[in-house]
Amino acid sequence: MQNIRFITLNPGHFHAALVQKEMHEQVEPNVHVYAPLGPDLIAHLARIASFNMRSQQPTQWQLEVHACDHYLQRLATEKPGNVVVLAGRNASKIDAILAALDAGLHVLADKPWILTPEDLPKLKRALDLADERTLIAFDIMTERYEITSILQRACVQDADILGTMLPGSPEEPGVLMESVHYLKKLVAGAPLRRPAWFFDVQQQGEALSDVGTHLVDLVPWMLYPNQALDVEKDVCLISAKRWPTIVSKSAFQQITGDTDFPLSLRDDLEGDDLHYYCNTRVNYALRGAHVKLNVLWDFEAEPGAGDTHLAVFRGSRARVEVRQGRAEKFQPELYLIPNKTMEYPLVRRALEHRLQALAPEFPGSARPISAPIFASRFPANIASATKRISRK
């Protein structure tokens, strides 16, 4: 396999920089950046510079910057690499993906790729084009490589652990997922400056189309692995609700560094407060299994706290949960909770067998289980070989 040569295209989100948080085997250190000259490009260059200058395990990236307004056309003509990295600027992202694929380049793009149903034909065309030209077009932010998600999927697919999946109801769904994120936070040890356009839902997307794509993707991946789904037949939307997080001018200044709201957000202002529609609750059925998703944003976590993730799959024998709250020190952990006391030994034995089977691929997963297992906890670091880029 030839070495990977990154081309970063118009980096509008810190996810683009996180691809370069560490050096990677078979990835050349020289990276070309194509983007218009502006705050997004400057912020990206500053993040890469901070990785290169940190005291512990500094990176050695060498950037060649092509700052111009017609950056997409120059990229397609010059093609100094073979893998395009895209992050942010979601409203036009699918057009950039199509342009990169049409130029014969592989694509790594963060979610979401599209924001509206009208762009679904473009998404299909992008995937078909990648297949036709034997190109890779992947989501760089997938949670499928998060170790607790991998372990949860293995347990959900094990009938001796989960039993049979309970379909549940809208009031008590078989699957519950909740993700809570914060607008003001630290990323890679530094305060995050979000661009003002991040608060424009026409550009960034609302909660479900942005962070919610993680949750929507994980449900079928865990319940129906390696199976194609027919949206018209397999998915039934039951209810949905959206509501805003109120962002004061002071909070907006702290998050963006800007002194005032831009004109593009004027329709979402009420007085000096921005009504940022970034919260979504949706209930739907997937092949008869009821699913409830909560995707929530707040201003800032309490001291010592951070983003949280909850994923619950209810079976006839046990619940399989991933929790990432205060009790877990805001690190994702896997819990198994048998439904009946008499099931404890059976679930424990099935779990031990499952972990033994996973051990060759995920070292450390077969460590001894402490008893009793009213809630067996498995920290995310038990499989050190598995890494994730970042949760948003």
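Predicted model: local features only at pLDDT ≥ 70, side-chain atom pairs only at ≥ 80, totals over all residues.

Biologist: Which residues touch the most other members of the largest nonpolar core?

Modeller: That core has 53 residues, and the ones touching the most other members are Met-177, Leu-183, Phe-199, Val-219, Leu-223, Val-247 and Tyr-276. Apart from it there's another core of 25 residues, including Ala-96 and Leu-101.

Biologist: Back to Leu-183: what is it in contact with, leaving aside neighbours within four places in sequence?

Modeller: Arg-194, Phe-198, Phe-199, Val-247, Ile-255, Tyr-276, Trp-297, Asp-298 and Phe-299.

Biologist: Quite a few rings there. How many aromatic pairs does the structure hold?

Modeller: It holds 6. One of them is Phe-198 with Phe-199, edge-to-face at 5.6 Å centre to centre and 85° between the planes.

Biologist: Are those two buried or exposed?

Modeller: Phe-198 and Phe-199 are both buried. They also belong to one aromatic cluster with Phe-252, Phe-261, Tyr-276 and Trp-297.

Biologist: And what about charges over rings? Where does Arg-194 lie?

Modeller: Over the face of Phe-198, 4.4 Å from the ring centre. Arg-242 lies over the face of Tyr-277, with 4.0 Å to the ring centre.

Biologist: Switching topic: why is helix α6 largely enclosed by the rest of the structure?

Modeller: Because 10 of the 10 residues in α6, which covers residues 147-156, are buried.

Key: Residues numbered from 1 in each chain as written. Heavy atoms only, no water. Core = buried A, V, L, I, M, F, W, Y, C linked by side-chain atoms within 4.5 Å. Buried < 20%, exposed > 50% of the residue type's maximum accessible area, 1.4 Å probe, protein only. Contact = heavy atoms within 4.5 Å. Phe/Tyr/Trp six-rings, centres within 6.5 Å; stacked < 30°, edge-to-face > 60°. Lys NZ or Arg CZ within 6 Å of the ring centre and 35° of its normal. Helix = DSSP H or I, 4+ residues; strand = E, 2+ residues; numbered from the N terminus.
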